[in-house]
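Here is a short report on a ligand site.

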Amino acid sequence: MAIERTLSIIKPDATRRNLTGKINAKFEEAGLRIVAQKRVHLSLAQAQKFYEVHAERPFFGELTEFMASEPVVVQVLEGEGAIAKNREVMGATNPANAADGTIRKEFALSVGENSVHGSDAPETAAQEIAYFFAGLELVG
Ligand code: IDP
């Protein structure tokens, strides 16, 4: 399988509870390498732009206000099949449906405050990485 990069976000519910290190350990144990990482506090406009594909969904307001409520940690994860592997480590969107050992099973508070974001396909991964990072910031 090819080496890929994917965009990950540790969401406000997790940064608030000081879970960045525990979540990063899950990524690293799964063989994902953190090749870029920074802490940012998104404006509402920046969160709306990032999630614009969800603009018509009923939870868009709740989601974007949550993402802009407190700092997040944005990161680029690299590894074999990184996009799917990250989705596997994250677990299902709703923690009630997430498998044992996944980040969302262990840490998520609700379907909205679910601790992590991960890109879902190569095209979105490329777009999302470029939204947050310049090429020189990716150190493989
Ligand atoms: P994903 O993050 O697992 O890819 P998506 O369906 O793409 O899930 O939804 C994006 C984000 O929107 C979720 O991670 C979650 O934070 C939020 N979200 C999804 N469904 C709901 C909902 O029913 N209520 C509130 N927030 C939701």
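## Polar contacts

A polar contact is a pair of N or O atoms within 3.5 Å; within protein, one must be able to donate a hydrogen and the other to accept it, and residues adjacent in sequence count only if both atoms are side-chain atoms. The side chain of H54 places an N or O atom 3.2 Å from a ligand oxygen. For the side chain of K11, that distance to a ligand oxygen is 2.9 Å. G112 uses a backbone N or O atom, 2.9 Å from an oxygen of the ligand. The protein covers 79% of the 540 Å² of accessible area that the ligand has on its own (Shrake-Rupley method, 1.4 Å probe).

## Basis of the model

The model is predicted: local features need pLDDT of at least 70, side-chain atom pairs count only at pLDDT 80 or more, and totals for chains, interfaces and linings use all residues. Residues are numbered from 1 along each chain as its sequence is written, and side-chain values use heavy atoms, without hydrogens and water.

## Shell

Residues around the ligand (a heavy atom within 4 Å of it) include H54, R57, E62, L63 and V111. The shell divides into five charged, four polar and three nonpolar residues. Here Asp, Glu, Lys and Arg count as charged, Ala, Val, Leu, Ile, Met, Phe, Trp, Tyr, Cys and Pro as nonpolar, and the others, Gly among them, as polar.

## Annotation

An unreviewed UniProt entry annotates K11, F59, R87, T93, R104 and N114 as "binding site". UniProt annotations may be inferred rather than shown by experiment.
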